[in-house]
Structure formats: C-alpha cells, structure tokens
Amino acid sequence: MFIDLNIPFPEPILYESQNTPKKQNKEKQKKQGTALAYVQASTGVAGPVPTHPLERLRLPDRKALRERVEMLVYLGYTIIAFTQTLHSKLDPSTHVNWFDGGDGTMFRDLDPRFNGGKRGVVQLRRLNIVLDETSEKGFGFTAQTNSLLLNYDILSLTPLTTSTFQSACLQHTQPSASVVHLITPPLTSSPRLPFYMKHTLVRTALKNGARFEVCCAGVLGGEGTRQEEQRNWWTNAREVVRAAAGGNRMGHEGVVFSSGAEHVYQLRAPGDIMNLGTTLGLAHVTCYAAVSRIPKSLIIRAETRKTYRAILSEPKLILPTPDVVAPAPDVHTGEEATEDSGSNGLVKDLMELLNEEDEMRKRKRDGADGMGGDDEDVGQENDGESEPERKRKKKRRRKNR
Amino acid sequence: MVRFKNRWLLVEFIPCGPSQTSQRTTTSKQIWSAVRDIVVHNFGEVGWGAVGAGLNVKYYSPVTNLCIMRVARDHYRMAWAALTLLTSLNGELCIPRVVHCSGTIKQVQIAAIKYDRELIARMKEKGSAQIPPEFSDEKLDALLETTVDDIEAIQD
C-alpha cells in the first residue's frame, strides 16, 4: 500500500452564482459586505454551477488531472489526496470548496470505494493553508468554520513565518474538530527555511500526532523552475528530515513523503521516492514507512476529527450473566449518532479498505517466498509473526546461505 | 581478493509526452549520456567518479521502454537517485521507474521477461479497445518473442 498525500487540484472556474445565497443574506444585514461580494463575483462566470467538481474545471485541466490519476494508478499507489491550497486565511463568507458535490471522491470509476473493488486509487480531499504575516492573528480555524472543514479529509498548514510555525506546531495540533495533521514546510522558496525548526516545537507536534511533509516535486523541476530551487530543496529537505526524523530518537518517523506534482512528469513511483529518501540520510525502513505506514495512520487519525473526541470505535459492555442481555449504553450512542451520522459510513469504508489491504499483503507474504530486496524489509518490519513462521523464515535464510 | 559486485537495475521509462511510439529513436548510448549528465549535475564530478566506472547500459527497447543497466554495488543508490531525478530523455518527457533491482544478471533477466509479458499484455488490452494498425495481435506476439530473445541474449 503506497500513499501520496499531495496532488494539487487545478483551480476551478469561479461561478457568479456560487456566492449568491450568502450575498442575499448579507444584503439585509449590511451593505459593505455586498459590495465586497459583488467585486469578487464579477470576476466569475455567469450561469448555473455544475454539481460535480470535475465539471467546474477547465477542459484541459480536467484531462490533465485524469492523466495524472491514471499514471498514479499505473505507478502503484493505492491512496491519494487532492489538495486545495488557500493563502493566508480561510474566509467563511467567500470560501468555495472545490470538491463539493463529489461524494468524497473525484473519479468514481477509478476509486475502489465506488467502482466495485476494481483497480484504482482511493481519492481523498485535503485543505492546505499557506500562512504568512497576515495570518498571524488567526486564519479562520474557529468553531464557525468547523462545518466547512468537515468536508475535507485532511487539513494541513504551510507556515512561512516563525510565529505561524509556532502556532501550527503548538495550538493547531491539539485534538479538536479542526486539528491539523500535516505541516508542509516550504522547501524551494529560499536557501534556508523561513523559520528554525526548534526541537521542542517539533517534538510537541509529533507527540500530538502531526507529521512533516516533504514534497518531491520541487527537486524534479518543471518548466519554470530555476536551478537554485532544486538546490534549496536539498538543503531544506535535509533540515526537515534532521529535525523531524533524524538521529537515534525513539520512533524517528516524523516525515511523510509525497509528490506535490502539478504535472504528470513530476510523479515518481513509490520505490523511487523511497530511494530518494535514502539520499537524504534516512534509513530504508523509515523511507518505506514514510510512503506507506505513516501516512496511513495519519489518514486514520485525521478521520477522528469527525468523531466525538477522537473516538473511533465504541466498546460495548457485555455482562457475563447468560440470560440477561446487556442493553447498549444509550446515552453515548445517542449523542454520537446525531453528531456524525453522515461521516460514519465513510470512516468505516476507508477503514475496511485499509484492513483488507493489510490482510492481502499478509496472505501474499505467507503464500509466496520473498520476491526481492524490498519485500524482505517488509518482513523484518513485522514483529508480530507467529513462532513456526519465524522458524520457517530462519530455515529459508539458512538455506539461502 | 573479493569479487567485484554489481547491481542490475531494470528501469522503465514511462513516456508522458504526446509523441508516437514508432517515432522514438533513443539508443542505449543516449541513456548512458543522459544518466551521466544528471549525475554530474546533481552529485558532481566526485559522484560521477564513483558511479561512472561501473555504469553500463546493457539493453534498451524503444518499443517497450524497458532498460537494463549495471551499476557498481557500492554506489547504486546514487545512480538510482540520479535516474529518479531524470525528467526527459532525448528531448521528451518521461518518468523513469526502477521496476526491479537485483545482484545477478539471471534474476534481472527473469524479472525483465516477466514485466515485458505484462507490458505487452497491457498493450493488447488497449489495442482491442481502439485497434490502431501498429498494435495488431500478431505483431505484438512477434514483438514479445523478439524482446524475450533479446533479453535472454544479454551477456555479463
């Protein structure tokens, strides 16, 4: 199972009518708001808004996106996340969710959750906010915007200043409905990171379950990239790896690799990205985890945003007396059912899918002998093997010698 | 004295430009020089000194885009990283993908033949939907035979 958490989504066409319902409400309250909304709406296209997010894209963008997703399937990814990027802050009055109306996915025929278990990739939605000086006072992650944020599977931040980095690491990784699970430092913009990755901040963020993301598109270059950008990438990526995953610390698994590819040719196969990680000074096992296990647990953790106090499953108390059937704990179920009736189905589907993948891999490993160098790493990673299996493995190793 | 050890990489250059397969004219020599350029660009002269001596492109098929190359074992990760950083080959965009990595030529041949079968089967599947003239079933069968023969003929 390989996961790519950053596929930039092309910007859709802005329709005039996307802002109208809110505009009408505002007209009654205050006129300044309408003037502002009018200025924004005048740049949009007139006409009804198509319901599906792909229909809101320009035609070449749509084709390119399809091509990118098909290439990801070909390269062997199983889960990807489309990213919508906002600058400085989330404005609830003008915010448009690019993924609205897609039922949580984009290409239904390529998503195994919807196409009846055929080959494809699970497509998630992610919101990334770039934090600059203007967002130091807050960037719209409040109780009012929670309902907007619930339509995304993963939230992430790109801090550009020291104070926003500090608030991203300390405040926004605390468990709540708007908890951020990914911090994406800007890797190509400057020869040094715009902030110092202080150990205490990084440690707090990692403890709270956030991970740092290294996007590989920066080093591959494109049409408009300069040579310095690639050089900066190496410096900054090494710094991120050193601070979040380096050393001999317990776990040392604070980094997630993802592509961040805006074009098809910036995509790479998971094995190649793993190898690129080893040139950054990480162990091979950690690199393997950084494209598979770590983002997987991150997705599951991000799902807890939608549940009551990050509870994924609810334990049921069954009393030992045989003839009295234990009643289900009513108080809690009632509360939770009303709170996340919509999201629960999705959580279950995704979890089932993740478990299935694991089981399939296990069965494959049991059935066939090790295929190559990569598979051996997988085998060593798993400590929970049964005793006879380990013996068999030992025997095989001896035989190979 | 210890034997000099190598790594064999099976690389697929997935094309992602708008060009036709029949017009592609890349040779293994060009791949070699492209890898050299990218190693010098990213790892410098020292890097090329480490990788260059052992680097050898043994096989390349412009139809299936499969390539087998040999690298000295001590620095194969550097050569692999250089391959990953490659974005275009002979002027057209491509995604290099290392399909298999092994220590002996026998294993890489086995992997190459297996992957070759897969690729041609995929071409067949695509062909049945659109049926372009260059991908008729007989031609693909002949292609499979020739590529398998070519791969088996590789000598150390």
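A search of the whole structure, which is a predicted model, finds 10 aromatic pairs over all chains, where rings of Phe, Tyr and Trp (its six-membered ring) pair if their centres lie within 6.5 Å, and planes under 30 degrees apart count as stacked, over 60 as edge-to-face and the rest as tilted. The rings of A:Phe9 and A:Phe82 have planes at 70° and centres 5.4 Å apart, so this pair is edge-to-face. The pair joins distant parts of the chain, 73 residues apart, with A:Phe9 in the loop between strand 1 (3–8) and helix 1 (20–29) of chain A and A:Phe82 in strand 2 (residues 79–87) of chain A; helices (H or I, at least four residues) and strands (E, at least two) are DSSP runs, numbered from the N terminus. A:Phe9 also forms an edge-to-face pair with A:Phe99, at 4.9 Å centre to centre and 70° between the planes. Ring pairs link A:Phe9, A:Phe82, A:Phe99 and A:Tyr152 into a cluster.

Both A:Phe9, with a relative accessible area of 5%, and A:Phe99, with 3%, are buried (under 20% relative accessible area, with exposed over 50% and partly exposed in between; 1.4 Å probe, protein chains only).

B:Arg97 lies over the face of A:Tyr74, at 5.8 Å from the ring centre, a charge being over a ring if NZ of Lys or CZ of Arg is within 6 Å of the ring centre and within 35 degrees of the ring normal.

Residues are numbered from 1 along each chain as its sequence is written, and chains are lettered from A and ligands numbered from 1 in the order in which they are written. Local features need pLDDT of at least 70, side-chain atom pairs count only at pLDDT 80 or more, and totals for chains, interfaces and linings use all residues, while side-chain values use heavy atoms, with hydrogens and water left out.
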